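Hi,

Here is the structure I said I would pass on.

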Amino acid sequence: MEKRAWEIDYLRGIAIILMILFHLIFDLTEFYNHSIPYLSGFWYYEGKMAAILFIFVSGISSNFSERNLQRGVKVFGFGMLLSVVTFIPFPQDFIKFGILHFFGISMIIYHFIRKLDRSEERR
């Protein structure tokens, strides 16, 4: 059985809850005409904190994986699919480069960076 780092799962859970809350506020404002200022104040910073926490946890988690290239290609593919799906109803406001694109590209790049020779650091 794999030993999991519960701290990473805990932080990931917090990030998911924060992101769900932010998107709930975003959807209520953009699709249901509620007047909630998500581009400033508390909700703005809450959304940024969720994104930063996701990026932080993803960076740590990538050290535990040996399949970063495969996962990166898959995540980037989902990001591209999301771009196509959002382009159909919203051609002016579709997702050009979102968090999934970022994660996918980062995992792909990390796959190659991780394999660099670190012998220079040891001197």
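How far does helix α4 reach from its first C-alpha to its last, and what would be expected at 1.5 Å a residue? This is a predicted model, by the way. The helix covers residues 99-114, 16 residues, and spans 22 Å, close to the 22 Å expected. Its buried residues are H101, F103, G104, M107, I108, Y110 and H111, and they pack against α2 and α3 (68-87).

In general, nonpolar side chains in soluble globular proteins tend to be buried together.

Leaving aside neighbours within four places in sequence, L18 contacts E46, M49, A50 and L53.

That brings me to E46, which sits in helix α2. E46 is buried but has no salt bridge, and the nearest side chain of opposite charge, K48, is 10 Å away. Not counting residues up to four places away in sequence, E46 touches L18, M19, L21 and F22.

One more spot to check is G13, in helix α1. Is G13 buried or partly exposed? G13 counts as partly exposed because its relative accessibility is 27%, and buried would need under 20%. Its C-alpha is 9.6 Å from that of F54, a residue 41 places away along the chain.

Cheers

Methods. Residues are numbered from 1 along each chain as its sequence is written. This is a predicted model: local features need pLDDT of at least 70, side-chain atom pairs count only at pLDDT 80 or more; totals for chains, interfaces and linings use all residues. Side-chain values use heavy atoms; hydrogens and water are left out. Contact means heavy atoms within 4.5 Å. Helices (H or I, at least four residues) and strands (E, at least two) are DSSP runs, numbered from the N terminus. Buried means under 20% relative accessible area, exposed over 50%, partly exposed in between (1.4 Å probe, protein chains only). Lys and Arg count as positive and Asp and Glu as negative; His and the chain ends are not counted. A salt bridge is a side-chain nitrogen of Lys or Arg within 4 Å of a carboxyl oxygen of Asp or Glu. The expected span of a helix is 1.5 Å times one less than its number of residues.
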